[in-house]
Amino acid sequence: MTGFAAVSKEDAGEKVNVTVKSVNHRFLDVAIKAPQALGAAEQRVRPLIQQRVSRGRVELSLSTETTGTPEREVVIDHALLEQLAVALDDARARGLVTGGLTASDLFRIPQLVDVRARSAADVPGTSEVVAALVDLVVAEALDALVVMRETEGRYLAADLEAKLTTIAGFVDALEREARDGQAQLETRLRERLADLPADLRGDPAAVGQEIVRFVARSDVDEEVVRMRGHLEHWRALATGPEPCGRKLDFLVQEMNREINTMGSKVEGPHGTEIVIAAKAELERIREQVQNVE
C-alpha cells in the first residue's frame, strides 16, 4: 500500500525533519537516507519501521538543522603561533624589529585565529536532544503513514470484496452449467445407445454404469467446494488482525487453478464463456492484491 507523511519537531535550538513514503512491493524493503551525523540513528529507526510495516518499499529521509544562535568557539593555531614567536625572536636579535606581539597583531595574521560555530557534537547535551527528537519524529511520521495506509486498505478491502462476490457468482453459474451439461450429456448418450441395433446395445446394467462413469468426469462438485472454501478463507484473512497480502496472493493462485480445472470439465455450452470471465476477474484481483499488506 502507498502512504506519505512528513513531520518536523524542534527542541533546544535543534530541529529534526522526517519524510517517509511507502509504495507497493512484494516484500519489505527499507531505505533510509540520513546525514553522516545521524548515522547511528539508522540502527534505531530501521527496527521501528519493521515493527509498523510488513510489506512495501519504505523510504525514510532524515535531516537536522540548528534554529537557535549557534555557540561559537575561538581556535588558535598554536603551532603557527610558536613558529611566529621564534621568527620574531630571531628578527629582534638581529635588530630588525623591537617589541613583542600584541593581541591586534594576532588577529591580523591570516589563519592564526579562527572564530567559528561549534558543531553539535561538541556542544554538551546536543546529541542527546537530537537523538530524542529523531525517535519522537520518526514515531509520529510512522503513525501518520500507517493511518494513510489503513485508509487506502479500507477502499481496497471494499473493492476486493465486490470482486469476490463476482467470483462467487461465477462459481454458482459454473455449478449450474456443469449439472445441466451432465444431464444433457447423459440424455444424449442414452439416446444414441437407444438408436443402436439391439444386438449392439450390450448389457443394459453395464452400459448404464459406463454412462454414469463417463458423465461423472464432468462433475465439478469438488472444485466448487474448494473454491467456496478459498472464498471463506479469504474473508477470514482479510478481516483478521495480521498482515495477509502474501497469503491472499497464494489464494488467488489456488482459485485460478480451480477455475481452470472446472473449465476443462464443464460440458455446458456457456461454460467456456463463464470460465474466461472468471479468469479475467481473478487477474484483476491478483493485480489488486499486490497493493495489500
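How many helices and how many strands are there in the protein chain? The protein chain holds eight helices and six strands, where helices (H or I, at least four residues) and strands (E, at least two) are DSSP runs numbered from the N terminus. This is a predicted model, in which local features need pLDDT of at least 70 and side-chain atom pairs count only at pLDDT 80 or more, while totals for chains, interfaces and linings use all residues. Residues are numbered from 1 along each chain as its sequence is written, and side-chain values use heavy atoms, with hydrogens and water left out.

**View 1. Overall order of the elements in the protein chain.** Read from the N terminus on, the elements run β-β-β-α-β-β-α-α-β-α-α-α-α-α. Of the 293 residues in the protein chain, 31% are buried; buried means under 20% relative accessible area, exposed over 50%, and partly exposed in between (1.4 Å probe, protein chains only). Among contacts (heavy atoms within 4.5 Å) between residues at least 6 apart in sequence, 79% join residues at least 24 apart.

View 2. Ser-22 lies in strand 2, residues 14-23, and counts as buried because its relative accessibility is 2%. The side chains of Ser-22 and Arg-149 are joined by a polar contact of 3.0 Å; a polar contact is a pair of N or O atoms within 3.5 Å, and within protein one must be able to donate a hydrogen and the other to accept it, with residues adjacent in sequence counting only if both atoms are side-chain atoms. Leaving aside residues up to four places away in sequence, Ser-22 touches Met-1, Thr-2, Gly-3, Arg-57, Val-58, Leu-145 and Arg-149.

**View 3. Glu-175 of helix 4 and Arg-228.** Glu-175, which lies in helix 4, is buried because its relative accessible area is 13%. Its side chain forms a polar contact of 2.8 Å with the side chain of Arg-228. When residues up to four places away in sequence are not counted, Glu-175 touches Val-224 and Arg-228.

View 4. Arg-226 lies in helix 6 and, at 35% relative accessibility, counts as partly exposed. The side chains of Arg-226 and Glu-258 make a polar contact of 2.7 Å, although these two residues are 32 apart in sequence, with their C-alpha atoms 7.7 Å apart in space. Glu-258 is one of the buried residues of helix 7, which also include Gly-245, Leu-248 and Met-262.

**View 5. The largest pocket and its lining.** The largest pocket contains about 570 Å³ of space. Of the 24 residues that line this pocket, the closest to its centre are Met-1, Gly-153, Ala-238, Cys-244 and Val-292. On a 1 Å grid over the protein atoms alone, a pocket is an open set of points where a 1.4 Å probe fits, with protein on both sides within 12 Å along at least five of seven lines, and lining residues have an atom within 4 Å of a point. Helix 4 (126-195) and helix 6 (221-238) each supply at least two lining residues, and helix 4 gives the largest share, nine residues. The lining divides into 13 nonpolar, three polar and eight charged residues; here Ala, Val, Leu, Ile, Met, Phe, Trp, Tyr, Cys and Pro count as nonpolar, Asp, Glu, Lys and Arg as charged, and the others, Gly among them, as polar.

Conventions:
Grid points are joined across faces, edges and corners, and a volume is the space filled by probe spheres set on the points.
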